[in-house]
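Have a look at the model first, and then we can walk through it together.

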Amino acid sequence: AADKLTVPKPLESPKSLPDPGDLSLDFEQTQPPQEPDINSIQRDGEERSYASLSGTDNDFAVPTMSELGLKPASTQHRGGETRALAALESLIANEHYTVTFSKPETAPTAFSPQSTTLFSPHHHFGSLSVRLLYWRVQDVISKKENKSKASQIPTNLIGQLLFRDMYFAAQAALGYSFAQTYNNPRTRFVPWHLPSKIDPETNLVTGSYTIDSQQAETWFQRWKFGRTGFPWIDAVMRQLRQEGWIHHLGRHAVACFLTRGGCYIDWERGAEVFEEWLIDHETSCNSGNWQWLSCTAFYAQFYRCYSPVAFPKKTDPEGEFVKHFVPELKEYPKKYVYEPWRASIADQKKWGCLIKGEESGEDGAGLKTYPKPMFDFNERRGICIEGMKNAYHVGLYGDDPRVKDGTWRKLFDDKAEGPTEGTKGPTVEGQTNGDGQDVDADEMDMGVDEDEAEAKHQGGEKRG
């Protein structure tokens, strides 16, 4: 089907712009309300972009970060069409890379520079036309001398654009419900920990969630801020928070870990974190990928989990990525960099970092500290697989009446993983279950492990 697509060529950029004339305004502006300010957490100054319709210099220029009151950027990545077009020319000039690019073969541990194009933020902000990239790449691939060695859809560069459009099309069919499980007919229902609260009038998530398990909430916060005790997971999450971008296989690893591969926490919690920190965030792609990695839509092989140890070793056996983003471990040798808790206390002291507690910091004696693993990964992986197997057996989707009224609990054993106790539970804003608390979301063989006993299991969804 992809080969039959007809993609219009982009219009040429204008060579000049007409004189805008007098930009002065002779009427008084009505200031818009500034509350709620969903970006307040990112500001350390006054938001002045609405002070005047024509901007602080009366030239209708794009507001500066200072005028927006935003904190200084922590990422080295920069935007703008000039940079985007220069990066595109650099890509096209490297015909071998352009022709042979295959996304699964790129390294998630490469960081200086990264192993992929990093065009996604430019697509998000409009500084690089998707059609322009498509045709420039297509022109290179179509050359007679390149056809025989070209990588193919879906792993090549064209395939990446098609995946993007696939998620946009999936969202277009469902609207707002695409970004949640509740009332979503295409997403499997799984009784995750930390479920979203729902507005009964709109049937949409409120941005808040219920803490059904204090342990799950602790795991979620440790995952978010890179303190899980698993260096690969923590390095990826710290890179995300610092730079606003991570490789797609890094996204896969931390998403699997939070949901079906460790914590059994609602994928919507992870999607919210990505929405907050990613500079290339698109609701459709973000929600779709989280559904894919949580095996609630698009993909169903829940028994395949990314190992936080074996997976990164494939592309970075020395652990350079971890040592860069988790500098507490920079003196650890490659034998222990992905499993520092296995080193003796004497060696930990020799390498300047003790593995203890739940935080990274110092122990008061001049030694750094890095947290112990927050759980036994193999044990948790097994628990998650059993939970997923049970959810698949029950077979509910987000628009099922039993999901909407909370009576889905009757179908799950009280001892099953997740908030399954009782016969009816919280589905709408303001309800809690038992000791559950409500919390606002703003506050608070590639090394893939496979259960051989489940390898013959066939799910309903197929890879898109």
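**Strands and rings**

Strand 5 and strand 6 (residues 368–370) pair in the antiparallel sense over two bridges. This is a predicted model, in which local features need pLDDT of at least 70, side-chain atom pairs count only at pLDDT 80 or more, and totals for chains, interfaces and linings use all residues. Residues are numbered from 1 along each chain as its sequence is written, and side-chain values use heavy atoms, leaving out hydrogens and water.

- Strands are DSSP runs of E with at least two residues, and helices are runs of H or I with at least four, numbered from the N terminus; two strands pair if DSSP finds at least two bridges between them.
- Across from Gly 361 stands Thr 369 in strand 6.
- Strand 1 (residues 196–199) and strand 2 (residues 204–211) run antiparallel, joined by three bridges, and Ile 198 faces Val 205 in strand 2.

**Aromatic pairs**

- The structure holds 31 aromatic pairs (ring centres of Phe, Tyr and the six-membered ring of Trp within 6.5 Å; planes under 30 degrees apart are stacked, over 60 edge-to-face, the rest tilted).
- Tyr 134 and Trp 135 are edge-to-face, because their planes meet at 85 degrees, with centres 5.3 Å apart.
- Phe 163 and Trp 292 are also an edge-to-face pair, at 6.0 Å centre to centre and 70 degrees between the planes.
- That pair links helix 5 (residues 157–174), which holds Phe 163, to helix 10 (residues 283–293), which holds Trp 292, 129 residues apart.
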